[in-house]
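This report covers selected helices and ring contacts in one structure. The sequence and model come first.

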Amino acid sequence: MGNRLSKIYTRTGDDGSTGLGDGSRVPKDSARVAAYGTVDELNSTIGMVLACDDVPAEVREALTQVQHELFDLGGELCIPGMAMIQDADIARLETVLDGFNEPLPPLKDFILPGGGMAAASCHLARTVCRRAERGVIALARAETVRPQPQRYLNRLSDLLFVICRVLARAGGHGEVIWQHERRPRS
């Protein structure tokens, strides 16, 4: 573990730069900082899901594990050349996703974000996850990034979608189906 923070402000970022985990300094609006900053935002939105009272224990356990892995992913993105997310992490997401998805009825239509506070919060996390994935893709165009972070985020967004469905049902709210037939086609 690195240095412990005893003093929160350092004033070193007042010039618009920030320190990476390897000690180098980059602009705060760099693709790397944007990528790991959005991963941090994603972790916070998952925390909002977990703050809801009606989250089933198995969902809570899965999302807590994801939060730990997102810290690992943020570390990998913050330290150029670091490898934290592994293929086994992606495989675990797929196993968890399959387990949650198996009992759900097949989707025939799109669903709207909603279905109670926990499900709606999870929909927000899902969209932030997609933004984090786009940020990693943008970073990979400019710098070397292993493929595992992008694959992890892609699979995580799928898992979060399935968890949205689970939470909408668990909370008793159900899914809100997009009524695409409400408008005449032109």
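Helix α5 (residues 147–170) has 24 residues and spans 34 Å from first to last C-alpha, close to the 34 Å expected at 1.5 Å a residue; the expected span is 1.5 Å times one less than the number of residues. After α5 comes glycine 172, with a positive phi near 80°. Helices (H or I, at least four residues) and strands (E, at least two) are DSSP runs, numbered from the N terminus.

The model is predicted: local features need pLDDT of at least 70 and side-chain atom pairs pLDDT 80 or more, while totals for chains, interfaces and linings use all residues. Residues are numbered from 1 along each chain as its sequence is written, and side-chain values use heavy atoms, without hydrogens and water.

The axes of α2 and α3 come within 12 Å and cross at roughly 160°. The two helices are therefore roughly antiparallel (angles over 145 degrees, on a scale from 0 to 180 between N-to-C directions). Their contact (heavy atoms within 4.5 Å) is made by the residues below.

| Helix | Range | Contact residues |
|---|---|---|
| α2 | residues 57–78 | Glu58, Val59, Ala62, Gln65, Val66, Glu69 |
| α3 | residues 87–101 | Asp89, Arg92, Leu93, Val96, Phe100 |

One aromatic pair is found in the whole structure (ring centres within 6.5 Å). Phenylalanine 110 lies in the loop between α3 and β3 (111–112) and tryptophan 178 in the segment after β4 (176–177), so the pair ties together parts 68 residues apart in sequence.

Methods: Angles under 35 degrees count as roughly parallel, over 145 as roughly antiparallel, 65 to 115 as roughly perpendicular and the rest as oblique. Rings of Phe, Tyr and Trp (its six-membered ring) pair if their centres lie within 6.5 Å; planes under 30 degrees apart count as stacked, over 60 as edge-to-face and the rest as tilted.
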